[in-house]
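The sequence and model are shown here.

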Amino acid sequence: MDELEHILREYGAFESEVRVFSSKLWLQWCSNCREVCCKALYCRETFESPFLFSLLNKYSHQLYNNTQKAWLSEAGCKLSVGRPPVCYEFLCNTILGAQQTGMHRYAMIVLSKLISHIGKRALGSRHLIEVMDPADLKKIKYSRFKKRLSEARNAFDVVQLYFKGHQLEINDLKVLSKISKQCG
Ligand code: SF4
Ligand code: SF4
């Protein structure tokens, strides 16, 4: 298996875990919401980014021929992997405003940035989803990706424990700060 295959596989597996956890957490707000925050503009990034398109092709092949280039259905987003990072990063005022403490808000923000974090500086200063020549995807170093993935994985473990009611220690805060500096 080449390095790109490893990256696609591990990115997809981590994205799935984050998606499942985030969706359950957000359900209490999103299930009663009448606003539609999904936009076709975001959906299209999956077609425009060679990396996201490779994920789509690999894991959601049956969705490949989406002529409308939009993923929203009655049941929510049809993509299990390959969603644009912005879809995880978006936190509306309803969700942020409902957090009981600044620490809850911070943990929610870290969670929202995990998927974006794993693609940072994948090739030079470019994010994974900004590598626009498909041939360049083969130049991405697995070791570089793995470092970001490991930081995100550690932070994800801390966030999950926190939302289960565990108190955070100083080392946990250091792990979270790799993803986002504390704010508020
Ligand atoms: S993220 Fe916010 S605006 Fe979007 S569906 Fe959920 S509650 Fe509504
Ligand atoms: S979550 Fe899915 S449906 Fe919503 S904007 Fe993102 S890709 Fe489109």
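In α1, residues E3, H6, I7, E10, F14, V18, F21 and L25 meet Y142, F145, L149, A152, R153, F156, Q160 and F163 of α8. Two residues are in contact here if their C-beta atoms, placed from the backbone, lie within 7 Å. Eleven residues of this contact between α1 and α8 are nonpolar, two are polar and three are charged. Ala, Val, Leu, Ile, Met, Phe, Trp, Tyr, Cys and Pro count as nonpolar, Asp, Glu, Lys and Arg as charged, and the others, Gly among them, as polar.

The model is predicted: local features need pLDDT of at least 70 and side-chain atom pairs pLDDT 80 or more, while totals for chains, interfaces and linings use all residues. Residues are numbered from 1 along each chain as its sequence is written, and chains are lettered from A and ligands numbered from 1 in the order in which they are written.

The chain holds nine helices and two strands, arranged along the sequence as α-α-α-α-β-β-α-α-α-α-α. Helices (H or I, at least four residues) and strands (E, at least two) are DSSP runs, numbered from the N terminus. The C-alpha trace spans about 45 × 40 × 25 Å along its principal axes.

| Helix pair | Angle | Distance between axes |
|---|---|---|
| α1 and α8 (residues 142–163) | about 15° | 11 Å |
| α1 and α7 (residues 102–118) | about 170° | 10 Å |

α1 and α7 are therefore roughly antiparallel (angles over 145 degrees). Their contact joins Y11, F14, E15, V18 and S22 of α1 to L111, L114, I115 and I118 of α7. It divides into seven nonpolar residues, one polar and one charged.

Two ligands have listed surroundings, where a residue is near a molecule if its C-beta atom, placed from the backbone, lies within 6 Å of it. Around ligand 1 are W26, W29, C30, C33, E35, C37, C92, T94 and I95. Two or more of these residues come from each of α1 (3–30) and α6 (93–97), and α1 gives the largest share, three residues. Seven residues of this shell are nonpolar, one is polar and one is charged.

Notes
Axes are lines fitted to C-alpha atoms, for helices over the stretch in contact, and angles run from 0 to 180 degrees between N-to-C directions. Angles under 35 degrees count as roughly parallel, over 145 as roughly antiparallel, 65 to 115 as roughly perpendicular and the rest as oblique.
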